[in-house]
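This briefing walks through one protein chain, topic by topic. Keep the sequence and the 3D view side by side while reading.

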Amino acid sequence: MNKIITILVLFFSVSIFAQRTCGTDAKLQELIKNKPGFAAKYKEMMNYIYNPNTSKNLFSKQSSTANTVVTIPIVFHVLYKNANQNISDAQIQSQIDVLNKDFRKLNTDFNTVVPNAFKPLAADVEILFCKATKKPDGTATTGITRKSVPNTFDFFNEYFTASGQLSWDNTKYLNIWIGDAGGTNLLGLHSPADDADGVAISHQAFGTSGTALSPFRKGRTTTHEIGHYFGLNHPFGDGNCKLSGEGDRVADTPATKQPYYGCPTFPNNDINYVCEVSTNGAMFMNYMEYVNDACMAFFTLGQKEIMRNSLAGPRLSLLSSNGCGTLGLNEFEAVNAIAVYPNPVSQYFMITSPQIQIDEVELYNVLGQLVKTQKLIQTNNTIHIEELPYGTYYLRIYNQGKFLKTDKIIKK
């Protein structure tokens with residue numbers, strides 16, 4: 001009897017998530033309806049990132065970020081009702097690994113999932129993610145908070161409240177909350193509201209290990225929701241094709257009438273889904289669709305442009321962050337004088353900072369993992385990396401806890 005009950009519980013858990021359900025659109029409509037002033041502010045933000053050269057915008061676009069790999073600090077807030085939901089550090093790391101592959105077009109399933117017809121449209125978004133190493137007050141952190149919540153806790157409505165976990169400064173951190181979906185079929189959502197800004201993910205659709213359940217055990221729910229965080233819409237938009245908003249407003253993602261589920265077969269021109277019949281049909285394998293994790297594998301060049309516009313406008317403050325203060329304008333010249341050489345490097349590289357004090361560097365691999373930290377005490381400093389494998393690394397330079405600059409290092 002106990003075995004039968006266990007099987008039924010497992011079946012029920014899996015069947016809840018038989019299809020992807022994203023709560024972002026519903027949350028957005030709720031905010032537009034109930035939060036005074038939100039609709040106008042949100043419209044202004046979206047107009048900027050989709051039309052940065054023509055919109056009457058609130059933001060100042062920084063073109064210098066257009067072709068630079070940037071690293072975004074994440075704080076993970078784990079809200080658990082029982083020990084099983086208190087997911088492990090390893091499950092969290094598995095999700096970071098997925099993000100750093102998906103946003104850099106390094107995912108191993110790209111070639112097998114994305115048809116040849118769409119491969120030329122695929123983008124390296126040039127965004128990396130790491131667990132925050134400094135709290136808002138400048139003290140050290142693992143980048144993870146944990147809190148026990150009662151069984152009555154309504155995760156997707158309370159995650160950002162005092163009953164859950166208040167966000168860290170969301171102009172400096174990407175806040176990700178992980179918790180129990182509470183019997184709903186929601187996998188995740190992004191809320192652009194100030195106090196809830198970030199993403200909330202069911203622990204059963206988070207990462208690639210631990211409590212994550214198939215068919216959403218490849219970490220793509222978080223990839224999808226962070227796409228929303230950077231301004232992307234679903235390809236099916238509001239379902240009215242070109243009559244109202246042209247799908248997701250991205251030129252290289254064909255508009256559709258409704259979401260695709262499961263694992264469709266390419267090409268797909270089902271008139272119940274596509275807005276226009278074409279040779280290649282729908283781009284159902286895009287990260288912003290509703291298909292299973294194993295059947296989505298890329299962002300497009302058009303989607304990259306939207307996300308980079310977001311980083312040049314409403315998300316600009318993330319670029320000077322890791323729990324550190326924003327640089328004053330009078331410091332930029334001094335920061336730009338920081339030199340890192342030689343590059344590529346075989347054994348060690350030098351950091352020279354003639355105009356501004358620097359006292360610490362961090363080196364991350366392409367998966368966003370911190371592989372080396374070194375304190376600096378001179379104007380000219382030597383950083384030895386003989387022990388590191390060949391490849392690409394990302395250097396972050398600090399002064400008294402304040403992030404100053406990032407550079408890409410090639411170890412040959």
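Lys 134 is buried, and its relative accessible area is 7%. Lys 134 belongs to one network with Glu 360, Glu 362 and Lys 375, joined by salt bridges that share partners. The model is a predicted one.

- The side chain of Lys 134 meets that of Glu 360 in a salt bridge, with 3.7 Å from N to O.
- This pair links distant parts of the chain: Lys 134 sits in the loop between β2 and β3, while Glu 360 is in strand β9 (residues 360-365), 226 residues apart.
- Glu 360 is also counted as buried, at 10% relative accessibility.

**Salt bridges: other pairs**

- Across the whole structure, a search finds 15 salt bridges.
- One of them is formed by Asp 89 and Arg 146, whose closest N and O atoms are 2.6 Å apart.
- Asp 89 is in helix α4 (residues 89-102) and Arg 146 in strand β3 (residues 144-148), so this pair links distant parts of the chain, 57 residues apart.- Both partners count as partly exposed: Asp 89 has a relative accessibility of 45%, and Arg 146 has a relative accessible area of 33%.
- A further salt bridge joins Lys 304 to Glu 126, and here the closest N and O atoms are 2.9 Å apart.
- Are Lys 304 and Glu 126 buried or exposed? Lys 304 is buried, with a relative accessible area of 15%, and Glu 126 counts as buried at 14% relative accessibility.

- Strand β1 is mostly covered, with 11 of its 11 residues buried.
- In a regular strand, side chains alternate between the two faces of the sheet.
- In β1, Val 70, Ile 72, Ile 74, Phe 76, Val 78 and Tyr 80 point one way, and Thr 71, Pro 73, Val 75, His 77 and Leu 79 point the other way; all are buried.
- β1 and β2 run parallel and are joined by 5 bridges. Ile 72 has Phe 129 as its bridge partner in β2.
- β1 and β3 also run parallel, with 5 bridges between them. The bridge partner of Phe 76 in β3 is Ile 144.
- Strand β4 (residues 174-179) runs parallel to β1, and 5 bridges join the two. Here Val 78 stands opposite Ile 178 of β4.

- How many residues of α8 are buried? The count is 9 of its 11 residues, which leaves the helix mostly covered.
- The buried residues of α8 are Gly 302, Gln 303, Lys 304, Ile 306, Met 307, Arg 308, Asn 309, Ser 310 and Leu 311. Lys 304, the salt-bridge partner of Glu 126, is among them.
- What do the buried residues of α8 pack against? They pack against α3 (38-50), β1 (70-80) and β2.
- Two packed helices are described by the angle between their axes and the distance between the axes.
- For α3 and α8, the axes come within 8 Å and cross at roughly 120°. That angle makes α3 oblique to α8.
- α3 passes α8 in a right-handed crossing.
- The contact is made by Tyr 48, Ile 49 and Tyr 50 on the α3 side and by Ile 306, Asn 309 and Ser 310 on the α8 side.

**The sheet of β7, β8 and β11**

- An open sheet is formed by 3 strands in the order β7-β8-β11, with antiparallel pairing.
- Which strands are at the edges of this sheet? They are β7 (339-341) and β11 (380-384), each of which pairs on one side only.
- On average, neighbouring strands of this sheet are turned by 20° against each other, direction ignored.
- β7 and strand β8 (residues 348-352) run antiparallel and are joined by 3 bridges. Ala 339 has Thr 352 as its bridge partner in β8.

Key: Residues are numbered from 1 along each chain as its sequence is written. This is a predicted model: local features need pLDDT of at least 70, side-chain atom pairs count only at pLDDT 80 or more; totals for chains, interfaces and linings use all residues. Side-chain values use heavy atoms; hydrogens and water are left out. A salt bridge is a side-chain nitrogen of Lys or Arg within 4 Å of a carboxyl oxygen of Asp or Glu. Helices (H or I, at least four residues) and strands (E, at least two) are DSSP runs, numbered from the N terminus. Buried means under 20% relative accessible area, exposed over 50%, partly exposed in between (1.4 Å probe, protein chains only). Two strands pair if DSSP finds at least two bridges between them. Axes are lines fitted to C-alpha atoms, for helices over the stretch in contact, and angles run from 0 to 180 degrees between N-to-C directions. Contact means heavy atoms within 4.5 Å. Angles under 35 degrees count as roughly parallel, over 145 as roughly antiparallel, 65 to 115 as roughly perpendicular and the rest as oblique. A crossing is left-handed if the near helix is turned anticlockwise from the far one by less than a right angle, and right-handed if clockwise.
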